[in-house]
Amino acid sequence: MHSNFDRSLSNEDLLRRRATLLQRLHVDGVLLLLLLVLASGSLFILYSASGKNLDLLLKQASSFGIGLVGMFIVAQFEPRFMARWVPLAYVVGVGLLVAVDVMGHNAMGATRWINIPGVIRFQPSEFMKIIMPATIAWYLAKRTLPPRFKHIVVSLGLIVVPFALILLQPDLGTSLLIITSGFFVLFIAGLQWRWILSAVAAVVPIAIGMWFFVLRDYQKQRVLTFLNPESDPLGSGWNIIQSKAAIGSGGVWGKGWLLGTQSHLDFLPESHTDFIIAVLAEEFGLVGVCLLLLVYLLLIARGLVITVQAQTLFGKLLAGALTMTFFVYVFVNIGMVSGLLPVVGVPLPFISYGGTSLITLLAGFGILMSVHTHRKWMTQA
Amino acid sequence: MPQPIRLKDHEKDGRLIRQRTVVGVVAVLLLTLVLIARLYYLQVVQFEHHTTLAENNRIHVQPIPPTRGLIFDRNGVIIADNRPSFSLTLTRERAGDWAQVLDVVVEVLGLGPDERALFEKRVRQGRRPFEPVPVLFELSEEQIARIAINQFRLPGVEVVAQLVRYYPHGEHFAHSVGYVGRINEKELKTLDPVDYSGTHHIGKTGIERFYENELHGEVGYEEVETNARGRVLRVLKRTDPLPGKDVVLSLDVRLQQAAEQALAGRRGAIVAIQPQTGEVLAMVSQPSFDPNPFVTGIGFKAYADLRDSIDRPLYNRVLRGLYPPGSTIKPMMAVAGLDAGVVTPQTRVFDPGFYQLPGHSHKYRNWNRTGDGSVNMDYAIMRSNDTYFYELAHKMGIDRMHDYMTRFGLGQRVSLDMFEETNGLMPSREWKRARYRQAWYPGETLILGIGQGYMQTTPLQLAQAVTLMATRGKWIRPHLAKSIQGAPPVDSAPLPDIALRDPSFWDNGRHGMEMVMHGPRGTARKVGDSALYRIAGKSGTAQVVAIKQGEKYDRSKVAERHRDHALFVAFAPADNPQIAVSVMVENGESGSGVAAPVVKQVMDAWLLDEQGQLKAEFAPPMAAEVPRNAQ
């Protein structure tokens with residue numbers, strides 16, 4: 001403990017000396033630069049993918065502006081302050097999810113939105129994408145690492161409730177992302193490999209048992225279609241067949257901006273939302289996609305650096321989980337559009353059109369910035 | 001692997017997290033490599049393949065609609081067939097300015113602005129990109145030729161062969177089998193978009209509607225390459241559709257035609273049921289209509305004529321026609337009275353020509369104003385004596401009556417597979433309180449006893465009630481489908497059999513019905529005398545309640561349409577029932593005079609062979625059944 005204290009002091013001195021304007025504003029320059037690069041790239045691709053729709057572009061740009069402001073505000077809060085309010089936010093978030101489920105059923109159909117006309121309209125499941133890892137980080141940060149069995153069980157309980165509620169909406173994609181983000185906190189916290197392996201070992205026989213004894217034929221058919229969309233070319237398979245043709249025909253260098261035939265001839269459905277990577281790949285080729293992946297990797301690298309350098313356990317766990325979940329978004333989206341993974345509705349971060357996901361993502365990066373720039377309070381404790 | 005420790009050790013925690021982050025970095029890099037490998041495979045290895053697909057040619061997924069299941073009668077005679085027909089389709093994306101192309105179509109075929117508007121509406125309903133939308137059906141040879149000559153002016157327009165439903169028997173089965181029609185926008189919202197992606201027709205009424213899921217089948221598809229003009233170059237992959245299941249009906253085309261002839265042009269309804277199986281052998285609602293024009297879209301004028309006709313050909317009298325059952329329910333009332341213990345077969349009632357409730361002066365009249373004197377059950381059914389049944393109803397009371405008649409199927413849907421059957425009405429105290437906010441009056445019980453008052457039944461319900469007399473209470477829901485691809489239909493909500501205290505009560509009721517036909521003073525003895533077999537039957541009269549307002553026709557005709565409906569229910573042979581029939585003749589006035597001969601003609605058609613003799617298989621079993629005469 002003593003040596004720690006000494007080192008923190010010296011770190012603080014170092015920070016004081018190097019404190020730039022950005023740091024005093026609690027903004028991380030590297031992250032901000034990469035985000036701006038992504039955003040401007042996004043607008044270029046969106047212009048093409050939306051069929052030169054300027055209204056859409058303007059909406060996306062303003063969402064990005066709002067998201068940046070939100071990120072800036074989030075970054076001002078100390079991680080310790082966040083940790084204090086996380087449990088309440090979790091309870092509120094779960095309450096809203098219950099409300100959505102109940103209202104959705106009353107409205108005779110699925111809904112994911114809380115809508116108070118004229119006041120606010122948002123998806124509680126989006127909110128949960130940040131609250132979920134924060135809650136587990138808050139819970140585990142107070143225990144010893146690696147987590148003991150009891151703590152793992154409690155964490156799983158905390159994860160399963162919102163997961164089930166979102167699954168009921170029904171929104172399989174988001175619910176899986178939520179479960180993943182919670183699991184990442186456990187993983188970073190040092191969840192023993194034997195638990196991870198036994199969980200994997202348990203899932204396989206359960207799945208096989210379900211397949212033979214529980215699922216009915218039509219349910220099996222659904223699972224098969226989900227796993228192999230090309231067996232259903234009139235439904236979800238259509239998208240995959242078309243997006244693969246779009247990506248493949250892009251080649252190494254692409255057809256050029258605004259010159260993608262698949263996307264411009266309306267072959268590609270949802271070309272400006274979930275399937276936007278196909279437009280990028282068609283028009284900018286393998287090189288374009290690799291550049292995008294590079295920007296993503298730099299963002300993730302920066303996030304992991306922040307994780308390692310964070311001075312509190314809560315900060316470390318939360319920053320690490322948010323960063324790795326971010327990568328999952330990228331991987332799942334590109335994997336799905338290129339036909340590697342089943343089709344679940346996951347947008348491509350910062351590139352796909354859609355204000356809600358943009359704002360949530362930027363809020364997540366606001367947390368990373370907060371973790372990184374509030375480095376003094378550790379020594380004051 | 002680090003062991004759990006109680007004390008917080010920041011150094012150790014940091015190390016652990018650093019380790020895990022390194023694992024994360026490795027995973028991220030590996031998975032990114034997987035993505036790049038996948039993209040490399042698609043964009044470099046398969047580049048040529050995908051370029052061909054995307055640039056020079058277009059791949060399309062075309063749904064192949066399944067062939068709709070056929071419908072046969074019980075002897076394999078086809079009732080609903082699929083006939084090839086040529087349709088004109090338009091693919092919006094290939095037509096360029098499709099509105100202009102439609103103008104050319106209209107000009108080439110010499111059609112008017114009405115058709116133009118209809119075509120436009122159909123094109124706008126197109127669902128998927130590059131899906132050809134049929135705009136005109138049943139093209140003639142000349143129309144096909146005209147389109148072919150002008151093909152160069154008609155981008156995106158094609159003549160395609162499709163299978164279209166055809167009903168070779170026309171109007172004979174319009175009310176039982178129903179028809180298919182074009183999918184409308186409302187149906188489009190509820191249908192599975194994938195399964196119906198190639199289908200343009202859906203069952204609208206009758207069997208076609210009820211067994212839509214079975215008849216439709218499963219959609220197939222083919223992936224095709226087309227050139228820039230939309231011509232199919234080759235089929236890449238084909239998955240065959242699964243044809244719909246064939247439905248074999250229990251209906252018999254010959255019996256159906258005989259039954260329609262028996263009505264001899266009068267308006268009315270006939271239902272014939274095979275008691276042992278619940279199979280409906282004939283189902284007639286006259287007048288009827290030809291369902292074929294409905295398949296491809298009936299013209300507005302033609303439809304208006306059908307809809308507004310005073311004879312109401314679109315009205316399904318069997319399933320939706322509501323009539324007070326009149327005296328036809330007296331045998332069931334008698335059985336109910338015996339089982340309830342309010343009468344015995346020997347109970348006698350004195351009939352002075354009317355009935356009075358104790359303490360009331362109102363006279364409830366017998367149809368025979370002079371009275372029949374002292375009557376027992378047998379005689380009361382034979383003569384359709386009202387006074388006897390007033391007394392029986394009064395003793396039984398509304399609650400028990402409601403209970404028994406409900407068990408006979410009145411006031412509820414009885415069929416297994418008939419679309420849009422109506423409930424009818426079997427009144428009760430609760431019903432009246434809810435409907436009129438009034439208590440039940442004893443006088444209402446009396447008139448229910450002779451099938452008048454609030455009671456409303458369909459010809460199908462009456463047929464089922466008399467079938468229950470024939471089967472001694474064995475409940476099988478009447479059904480039109482004998483088998484669906486070989487499997488019989490399953491009743492998911494079977495009704496309980498009617499179990500009487502003493503099964504011999506059935507014989508009392510049935511004997512009364514036999515006396516109606518064959519007794520010395522039976523109301524339908526004229527018909528009974530001419531039969532080669534014993535019939536058990538009962539006549540009834542349904543008063544015409546209302547007539548549609550605003551109709552203009554001459555005085556005599558109005559009077560005719562105010563006449564009572566004639567009802568008759570019967571089964572035969574009386575001791576070995578093979579067929580149960582209910583007949584309703586609109587404005588026929590006399591149940592035994594008009595409806596009973598129709599019943600007998602239907603029975604003759606089923607029971608007699610070509611030589612006019614009772615078919616051997618229907619002959620009464622030798623001394624198998626002891627004569628049941630309760631007297």
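What share of the contacts in chain A with a separation of 6 or more is accounted for by residues 24 or more positions apart? In this predicted model, such residues account for 72% of those contacts. Chain A is built with 16 helices and 2 strands, and buried residues make up 48% of its 381 residues.

One helix of chain A can be followed in detail. Helix H4 of chain A, residues 54-76, has 23 residues that should span 33 Å at 1.5 Å a residue, and because its end C-alpha atoms are 33 Å apart, the expectation and the model agree. The buried residues of H4(A) are Gln60(A), Phe64(A), Gly67(A), Leu68(A), Met71(A), Val74(A) and Ala75(A). An α-helix has 3.6 residues a turn, so residues three or four places apart point the same way. Among the elements that cover the buried residues of H4(A) are helix H3 (29-49) and helix H15 (355-373) of chain A.

In soluble globular proteins, nonpolar side chains tend to be buried together. The largest nonpolar core here has 126 residues, and those with the most contacts inside it are Ile270(B), Ala272(B), Val581(B) and Val602(B). This core draws at least three residues from each of two domains of chain B, domain 1 (61-249) and domain 2 (253-618). Once its neighbours within four places in sequence are left aside, Val602(B) is in contact with Ala258(B), Ala259(B), Ala262(B), Ile270(B), Ala272(B), Ala282(B) and Val581(B).

Helix H20 of chain B, residues 504-518, has 15 residues and reaches 21 Å from its first C-alpha to its last, close to the 21 Å expected at 1.5 Å a residue. Of the 15 residues of H20(B), 14 are buried, so this helix is largely enclosed by the rest of the structure.

It remains to consider how the chains meet. The contact takes 43 residues from chain B and 47 residues from chain A. On the side of chain B that touches chain A, helix H1 (10-45), helix H2 (47-56), strand E1 (58-64) and strand E8 (220-226) of chain B each supply at least two residues, and the largest share, 20 residues, comes from H1(B). By class, this side of chain B has 25 nonpolar, 10 polar and 8 charged residues.

Technical notes: Residues numbered from 1 in each chain as written. Chains lettered and ligands numbered in written order. Predicted model: local features only at pLDDT ≥ 70, side-chain atom pairs only at ≥ 80, totals over all residues. Core = buried A, V, L, I, M, F, W, Y, C linked by C-beta atoms within 7 Å. Buried ≥ 20, exposed ≤ 12 C-beta atoms within 10 Å, placed from the backbone. Domains from an automatic or database assignment. Contact = placed C-beta atoms within 7 Å. Helix = DSSP H or I, 4+ residues; strand = E, 2+ residues; numbered from the N terminus. Nonpolar A, V, L, I, M, F, W, Y, C, P; charged D, E, K, R; others polar. Expected span 1.5 Å × (residues − 1).
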